Amino acid sequence: MISNLILPLIVLFVVIYAMFKKVAIYDAFIDGAKESFPMILKLFPCLLAMILAVNIFLKSNVIIDLFKFISFIPNEIIPMIIMRPISGTSSLAILTNIYELMGPDSMVGTLASYIQGSTDTTFYIITLYFGSIGIKKIRYALWVGLLADLLAITISLIFINIVF
Amino acid sequence: MNKIWGFFIVIGILFCLLNNNVEVINQEILNSTKTAFDMAVKIFPVMALWLGIAKIAEESGLLKKLSLKISGILKYIFPEIPKGHESFSYISSNIIANMFGLGNAATPFGLKAMQSLQQLNLKKDTASRSMITFLVLNTSGVTIIPTTIISLRMMYGSLNPTSVVLPCIIITFSSTILGLVIDKIFARFS
């Protein structure tokens, strides 16, 4: 498993390199880890606000009722498309569910893999990154982020039609 | 941000009231505090760990070396950042971690990158151009090895778990480039 090797190799490489450069590695590590405290304190209120709003919106099922009418996209994939920019864990949950129901090699399974692999959780990243430094006016950030996601999904849909 | 937040909450609650789903929404309001706390608890130690490792890499000069490698490209993507500014090294570390599908490792670098971009920012409560550009790089996800997807596909018995890797790379790169173009257009007209 290559993916299992990446993490330990990075840590090993960083530590050995620093030892060669005669850095006080233990002290440096402690210094760096300390910085996480102020970060998480700033972060928590933003996370709470986002999770509250997103979960209320999701559990109201408004999404499913609204998007019933779009037919050129497989039905199973619609919740994923909507969830992908909002929540990483729920889109991963939807992906797992699709694998279980239709298999990872099916058309829908492959399409879901493409979408998961080529996009990221825009809302989460915006909340996290801007929240951590106290930015309130995000200007056009959300629209550009969502457009980039939409582009990735559109290209995925085109790709799947070529492959299958 | 204020409008979107309000939109989600108002639409969500109204829709539930119309559908007689008050039970669900009650649960959700109470649960979200717990979910948020769990998430913070989950992120916190990983962040501490990676910030520690990052500090070692920083003090040994490794970050600077890595960032020199890709700062040639970054220079064109972030024209507003002065040459040799420390944010380049955080941005490049974030991109490198993202490429290997290490989302957890990428986040602390991303947060540090935002911090150093904030130093260059003139209006402290407003997002700068470079910040939004950096965000586009992150949200369009420049993944080369989608580790999570591969392992999930294995778990569910895919005949060829890595078959999606190449399409993912093609899709992610084309959407990233298009996203950057859109970003530049928005930046010009705002």
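Helices are DSSP runs of H or I with at least four residues, strands are runs of E with at least two, and both are numbered from the N terminus. Everything in these views comes from a predicted model.

**View 1. Chain B, from one end to the other.** Let's start with chain B by itself. Its tally is 8 helices and 0 strands. Read from the N terminus on, the elements go α-α-α-α-α-α-α-α. As for size, the C-alpha trace of chain B covers about 60 × 50 × 35 Å along its principal axes.

**View 2. Where chain A and chain B meet.** Now bring in the partner. On the chain A side, 88 residues make contact, and they touch 94 residues of chain B. About 8,300 Å² is buried between chain A and chain B, and carbon and sulfur atoms supply 78% of that area.

**View 3. Polar links across the interface.** Zoom in on the charged and polar partners. Between chain A and chain B there are 4 salt bridges. One to look for joins Arg153(B) to Asp105(A), with the closest N and O atoms 3.0 Å apart. Polar contacts connect 15 residue pairs between chain A and chain B, counting pairs with both residues at pLDDT 80 or more.

**View 4. The side of chain A that touches chain B.** Which elements of chain A give two or more residues to the side that touches chain B? They are helix H1 (2–20), helix H2 (25–34), helix H3 (36–59), helix H4 (62–66), helix H6 (88–102), helix H7 (107–118), helix H8 (122–132) and helix H9 (141–163). H3(A) gives the largest share, with 17 residues. Sorted by kind, the residues on this side of chain A are 56 nonpolar, 20 polar and 12 charged.

**View 5. H7(A) crossing H9(A).** Staying in chain A, follow two helices as they pass each other. The axes of H7(A) and H9(A) come within 9 Å, crossing at roughly 145 degrees. This crossing is right-handed. From H7(A), the residues in the contact are Met107(A), Thr110(A), Leu111(A), Tyr114(A), Ile115(A) and Ser118(A). H9(A) answers with Ala152(A), Ile153(A), Ser156(A), Leu157(A), Phe159(A), Ile160(A) and Val163(A). The make-up of this contact between H7(A) and H9(A) is 10 nonpolar residues, 3 polar and no charged.

**View 6. A salt bridge inside helix H2 of chain A.** Last, a close look at one pair. Asp31(A) and Lys34(A) join their side chains in a salt bridge, at 3.9 Å from N to O. Both residues belong to helix H2 of chain A and sit 3 residues apart, about one turn of the helix. Over all chains, the salt-bridge count comes to 7.

Technical notes:
Residues are numbered from 1 along each chain as its sequence is written. Chains are lettered from A and ligands numbered from 1 in the order in which they are written. This is a predicted model: local features need pLDDT of at least 70, side-chain atom pairs count only at pLDDT 80 or more; totals for chains, interfaces and linings use all residues. Side-chain values use heavy atoms; hydrogens and water are left out. Contact means heavy atoms within 4.5 Å. Buried area is the accessible area (1.4 Å probe) that two parts lose on being put together, summed over both. A polar contact is a pair of N or O atoms within 3.5 Å; within protein, one must be able to donate a hydrogen and the other to accept it, and residues adjacent in sequence count only if both atoms are side-chain atoms. Ala, Val, Leu, Ile, Met, Phe, Trp, Tyr, Cys and Pro count as nonpolar, Asp, Glu, Lys and Arg as charged, and the others, Gly among them, as polar. Axes are lines fitted to C-alpha atoms, for helices over the stretch in contact, and angles run from 0 to 180 degrees between N-to-C directions. A crossing is left-handed if the near helix is turned anticlockwise from the far one by less than a right angle, and right-handed if clockwise.
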